[in-house]
Amino acid sequence: MVSAVVLFQPGWSAVIAGDSNETDPNTGEPLPAGVEEIPGRGLLQAPLWNGFSEVTASTVVDERMVLFEPPVAVRAEDSFYSPAGQCWQAITEGMPRGIPGQAPEYVAVQVRHAPELDRQVS
C-alpha cells in the first residue's frame with residue numbers, strides 16, 4: 001500500500017495540551033491541564049511565493065502547513081517542534097487526513113513560526 005507518510009521527516013514532536021476534567025474544590029474553576037509531548041514524523045510545507053505574510057517593524061509572520069504522523073487531536077493552542085528545534089504553533093484545529101474509507105494516517109494543521117519558543121538543538 002502506498003502512503004504519503006513515507007515522505008515525512010523523523011524527529012518531530014507535537015506538544016498537546018490535555019483536557020482538564022478536574023475542578024478546584026475551593027473555587028469551582030477548572031484546574032490547568034497537563035501537557036503531553038508526542039514524538040512522531042512530520043513534514044513542513046514550503047513557503048508559498050504568493051502566500052500571505054505579515055511584515056512589521058519587529059517581525060515577519062511565517063504561516064505554513066504541518067503534516068504530522070501519528071494523527072493526534074490538535075487544537076489552536078498546541079505546538080509542533082521540528083528536528084532543527086523550530087517551534088510551529090497551531091493556528092487552526094488539526095484535520096485528520098488519509099485515504100478515504102480507511103483510518104486517518106496523519107493530521108494537517110495550519111501553523112505559524114514562533115521563534116520566541118524555538119529550542120536549542122545540540
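## Arg119 and its partner

Let's start with Arg119. In this predicted model, Arg119 is partly exposed, with a relative accessible area of 36%. Its side chain forms a salt bridge with Glu37, and the closest N and O atoms are 3.0 Å apart. This pair links distant parts of the chain: Arg119 sits in the segment after E9, while Glu37 belongs to strand E2 (residues 35-44), 82 residues apart. Glu37 is partly exposed too, at a relative accessible area of 43%.

What lets such side chains get together? Side chains of opposite charge can pair when their charged atoms come close.

## More salt bridges

How many salt bridges does the structure hold? The count is four. One of them joins Glu69 and Arg41, with 3.2 Å between the closest N and O atoms. Glu69 lies in strand E5 and Arg41 in strand E2, so this pair ties together parts of the chain that are 28 residues apart in sequence. Arg41 is partly exposed, with a relative accessible area of 28%.

Another salt bridge brings together the side chains of Glu77 and Arg75, at 3.0 Å from N to O. Is Glu77 buried or exposed? Glu77 counts as exposed because its relative accessible area is 53%, and the cut-off for exposed is over 50%. Arg75, at 27%, is partly exposed.

## A chain of strands

Now zoom out to the whole chain.

Take the contacts with a separation of 6 or more: residues 24 or more positions apart account for 61% of them.

## Inside the core

The largest nonpolar core has 14 residues, and those with the most contacts inside it are Val66, Phe68, Val72, Val74, Phe80 and Val109. Which strands each supply at least two residues of this core? They are strand E1 (9-17), strand E5 (63-69), strand E7 (87-90) and strand E9 (106-113).

Leaving aside its neighbours within four places in sequence, Phe80 is in contact with a whole list of residues, including Trp12, Val66, Phe68, Val74, Cys87, Trp88, Val109 and Val111. Ser13, Ala14 and Gln86 are also among the residues that Phe80 contacts.

## Buried and accessible

How much of the chain is tucked away? Of its 122 residues, 28% count as buried. The accessible surface of the chain comes to about 8000 Å², and 55% of that belongs to carbon and sulfur atoms.

Note on methods. Residues numbered from 1 in each chain as written. Predicted model: local features only at pLDDT ≥ 70, side-chain atom pairs only at ≥ 80, totals over all residues. Heavy atoms only, no water. Core = buried A, V, L, I, M, F, W, Y, C linked by side-chain atoms within 4.5 Å. Buried < 20%, exposed > 50% of the residue type's maximum accessible area, 1.4 Å probe, protein only. Helix = DSSP H or I, 4+ residues; strand = E, 2+ residues; numbered from the N terminus. Contact = heavy atoms within 4.5 Å. Areas by Shrake-Rupley, 256 points an atom, 1.4 Å probe, with all protein chains shown as cover.
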